[in-house]
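Look at the structure first, then read the points below.

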Amino acid sequence: MVTEEKVTLTNERVKVIFGDLLDSLRQLIIKDRITESEYRALIEFVSEMGRLEYEVPLWFDVFLGVTVDNVTYDHYNQMAGTPSNILGPFYLEGAPVRSPPYRLGRDNEPGDVLFVSGSVLDAKTGAPIPGALLDIWQTSGNGLYDHLDPDQPDFNMRGKFLTDQEGRFEFRTVIPQPYEIPKDGPTGRLLAMLGHHAWRPKHIHFKISRDSYLPLTTQVYFEGDPWLHDDLVEGAPKPELVTRLEKHDSHKEIESKGLDRPFFTARFDFRLVPATS
Ligand code: BEZ
Ligand code: FE
């Protein structure tokens, strides 16, 4: 005889979190005297977000991502690892594993050529970590992520690279541009109502992993960006994650890279926390 297994739909964590959420929302309704028409407007706002492809993750990451990141990586940040940073709504699984010399973007990718280099190091011992996997994504020189830009090929500005025997990496890309979230969707309209702009400073995302180490998700920012101290995502550009763009315009340097125009370099070292910490 086949007996049906009883499926338990609740778990303790959901019970606690959902209970607290309801408590907080009910208190909010009372405190701010939210009326039926305001409540219906909120339901319409959430429904509209649900009908659009990226609006729900966008809203959550704009307003709650940093807090979740700080809770998630609390331990990591205390172990002298590189500070973590939000994943953001635009990570895609399945970026291609590239072959060296590593590169993002097309031959004629618009924007200034940038070489990013650095090392992946053990946060405890400082030893280099060979074979660490870097999963990288960024906007192109037009300030758009590839999957939201019909002119860019799939995974144009995304790729997976490995550190070499000395734990080092280098890749060629273009300087990403500040990114403005869509202003005509619910999140953009809400920001306008709040009198807030919709810009993020230019940044490159990194997910770094290696056996025996805790994985790290972070972003690297650049000095001098007009939005660095006024990011739409409040608190995201942690000072330790900011690096400098160095311009190279001598004939000799340009020639050494096989280029016909000035280029930029930026350095960043990542410290991974051992899994046993
Ligand atoms: C981003 O990293 O690009 C991003 C993060 C949060 C909200 C919007 C964009
Ligand atoms: Fe981003």
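This is a predicted model: local features need pLDDT of at least 70, side-chain atom pairs count only at pLDDT 80 or more; totals for chains, interfaces and linings use all residues.

Residues are numbered from 1 along each chain as its sequence is written, ligands are numbered from 1 in the order in which they are written, and side-chain values use heavy atoms, without hydrogens and water.

**Largest pocket**
- The volume of the largest pocket is about 940 Å³. A pocket is an open set of points on a 1 Å grid over the protein atoms alone, with protein on both sides within 12 Å along at least five of seven lines.
- The lining (residues with an atom within 4 Å of a point) has 25 residues, and the closest to the pocket's centre are Leu-25, Leu-42, Phe-45, Val-46 and Trp-59.
- At least two lining residues come from each of helix H1 (12-31), helix H2 (36-51), helix H3 (55-63) and helix H6 (186-193). Helices are DSSP runs of H or I with at least four residues, and strands are runs of E with at least two.
- H2 gives the largest share, 10 residues.
- By type, the lining has 20 nonpolar residues, no polar ones and five charged ones.

**Second largest pocket**
- This pocket has a volume of about 220 Å³.
- Its lining has 16 residues, and Phe-90, Leu-148, Tyr-179, Glu-180 and Pro-182 lie nearest the centre.
- H3 and strand E6 (179-180) each give two or more residues to this lining.
- Here the lining divides into 10 nonpolar, three polar and three charged residues.

**Ligand 1**
- Ligand 1 sits in the largest cavity. A cavity is a set of points where a 1.4 Å probe fits but cannot get out, and a molecule sits in it if more than half of its atoms lie within 2 Å of its grid points.
- The ligand is surrounded by 14 residues, and the closest are Pro-89, Tyr-145, Arg-200, His-203 and His-205. A residue counts here if one of its heavy atoms lies within 4 Å of the ligand.
- H3 supplies the largest share of this shell, three residues.
- An oxygen atom of ligand 1 lies 3.0 Å from a polar side-chain atom of Tyr-145. For Arg-200, the distance from a polar side-chain atom to a ligand oxygen atom is 2.9 Å.
- The shell is made up of eight nonpolar, four polar and two charged residues.

Notes: Grid points are joined across faces, edges and corners, and a volume is the space filled by probe spheres set on the points. Ala, Val, Leu, Ile, Met, Phe, Trp, Tyr, Cys and Pro count as nonpolar, Asp, Glu, Lys and Arg as charged, and the others, Gly among them, as polar. A polar contact is a pair of N or O atoms within 3.5 Å; within protein, one must be able to donate a hydrogen and the other to accept it, and residues adjacent in sequence count only if both atoms are side-chain atoms.
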